[in-house]
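Hi,

Here is the structure I promised to pass on. My notes on it follow below.

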Amino acid sequence: MTTRVLIVDDRPTNLRIYAQFVTIMGEKYSSVTFADPVEALEWLRNNGAELLVVDYRMPQMNGADFIKNVRKMSNCSDVPAIVITAHQDRECRLSALDAGATDFLQSPVSHVEFCKRAMSLLTKSQKSVNLRKRASEIERKHAALSEVVDRDVPASKSMLEQIIDTIPIMINATDRSGRCLFTNAYQSALFDQTPDQMVGRDFSELLGPDLATNSERRNAIVLKSEQPIPHYEEKFTSDGVELIFHCNKSPLLNHNGETIGVLTTAVDITARKFAEEHRTHLALHDMLTGLPNRALLAEKVRKAIEACTQTGQQAALLLLDLDRFKVINDTRGHHSGDTLLREVAERLLDIIGPDDFAARIGGDEFAIILGKVDDADAINSRCTKILKAINQPYSISGIEQVIGASIGVSLIPNDGNEYEELLRLADLAMYDAKANGRNCHRFFSEGMNEIAQADAALEIELRDALAQNQFALEYQPIVDAQSLEYVGLEALVRWDHPTRGRLLPVQFIRVADDTGIMDTLGKWIIAEVCSQIRRSADEGVHLPRVAINVSPRQFQNQNVCEDILENIEKNNIAPSKIVVEITEELLLNNNDHVSQTLNRLRNAGVGISIDDFGTGYSSLQYLRDLPANCLKIDRTFISRIEHSSADRAIIGTISHLAHALDMRVIAEGVENDAQLELLQISGCDEIQGFKIARPQRAEDLPKLFQSRPDAVSDSVKG
């Protein structure tokens, strides 16, 4: 007999794929497909199916509504149903469970998972069907035999026996010694016996060792207390299929009210338990990777704290953040990013031990509990193995990708005895790992906590500084490498702190960027630079181009292009007076939005300069594709140029490359004559550094730049 699988999906491609999966399952399986769920319901009213495979998101009716309608049909009330959902559809899955769904598959579906889930559900369902059929056959034979043997039995008794034998509930009665006094057809069918074959036998002989022990223990309690034991669950395995029953045991009384045995009833709740497990899994696991989520992590950490406190052993909480994941997610698409996260999860599960625990707690962040670690060396070794596993190349849509990870470690219970505190400390350590070059691990230390507290206080002061206009700009001159004439300026933000004096960016810019304050501060810098160019021109001082550092965060969280072009127009200045300085980090995170923004600025006449070149993820492709017209060599190369032939060769190569791409080359951090001479020979076009001039306050700019008649036309529009 053919086992029929009904497939409902509004996309014809999916219908063909799922039907092919059914064919892979074997010759005895066939499929019926419908693109319209309404037509599928009409077909089901007059036909049967052993399994339903239903897409959740369909225009005519969603998967939950479809299953709800199916469950109203008498011939389909117990048919197992698999719902196809996307990984983020948590509410959809809950809705489908409420409607009567049995299992879920995540789109896109692999043939291995499809066949595995379908065969499992069909096996369980067929077992339940066979049990009911077997029980009905036993009941019919028993009724026919009773009618022949004793025609004087009252009809009411025969009817009662039929009811007891027909209902899908296991019922048995045993005497005080455990021998079977009575069993109904459903109970005997589970053991492939007839009621007559079971009566008089020791019931424990029919059960496995564990079930027999549990049953005898509970029977003894009922016989001694003469009180029922309600509501416990028991697992029965029949022909390799595990079924779950909701059981009750009660005293069996004679006509005098004396307890002569035990009456046991059991209802098959396998399908209900399956749904409950799905609900629990949804609440405690990540939909994309299948790993436990933050809620289950909290529970496991608290148990680890309790266990370590009791045993004196040590555990560790690792917080792991992927390096360069955002680049892949933005440039290759979210589907590729999701695939990568699933592969990372699989690698973590492969490498952790039986005493460990892994979870995904959001985005590209994972957490690991290392149980029973002896010392720091053991943790170092485990972290190294984890990083090595993550560093192995990934094949995403046929293209090889490589990522790293930064790991922060807090010790249980040495660093704390509260989940939230341990997670916070591991987070601090993880950011320390990122600050120390990424793709490494760091332990939490008290010094990190002090830094975090200081950062929190600094954030408050920064917000007050914005409100009280405590920020100012200084301008560092840039000169032509050969003539040493002033050709540009770089705007540098300063903080006039009320008690600490004028602060440099290194003292506050990281906190400003991490907390989002840089968004507001960046807008102010753009507006102030454009306004300064306008004010200077009105005073007869025509400034050369001014470079503005724009952080990657500003590109992500605000419309930099609009801000710059609006301020240029508002102040009526030439776009060529503004240069946007970007870092290689932004190049690494290059996506369509960044490219479009830079191209729009370049087309408007704004200069684009790549800052700190050579310190990040340098790529010739980025240099070729992005509309930069200036490249600034990082000061670390300049500082070594006198004593390192390798650095001189690198600077010469960068200059040659930039010129080939029609870019100017600026050397920053030039501090002495020897460096200046070597840079002039190396082909650098422009020089910046203390050798030339220190950053100047706005009021000192007129001393450097005097009005030139020929400069007026190119300084101000109109």
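Is T183 buried or exposed? T183 is buried, because its relative accessible area is 3% (buried means under 20%, exposed over 50%, partly exposed in between, with a 1.4 Å probe and protein chains only).

Before the rest, some housekeeping: this is a predicted model, where local features need pLDDT of at least 70, side-chain atom pairs count only at pLDDT 80 or more, and totals for chains, interfaces and linings use all residues. Residues are numbered from 1 along each chain as its sequence is written, and side-chain values use heavy atoms, with hydrogens and water left out.

Back to T183: it sits in strand β7, residues 180-183 (strands are DSSP E runs of at least two residues, helices H or I runs of at least four, numbered from the N terminus). Beyond its neighbours within four places in sequence, T183 is in contact with I171, N172, S188, P195 and M198 (contact: heavy atoms within 4.5 Å). A polar atom of the T183 side chain also lies 3.5 Å from the backbone oxygen of I171.

Now the helices. The axes of α2 (residues 37-46) and α3 (residues 63-71) come within 11 Å and cross at roughly 15° (axes are lines fitted to C-alpha atoms over the stretch in contact, with angles from 0 to 180 degrees between N-to-C directions). That makes α2 roughly parallel to α3 (angles under 35 degrees; over 145 is roughly antiparallel, 65 to 115 roughly perpendicular, the rest oblique). P37, A40, L41 and L44 of α2 meet F66, N69 and V70 of α3.

Cheers

Terms used. Polar contact = N/O pair within 3.5 Å; in protein donor to acceptor, adjacent residues only side chain to side chain.
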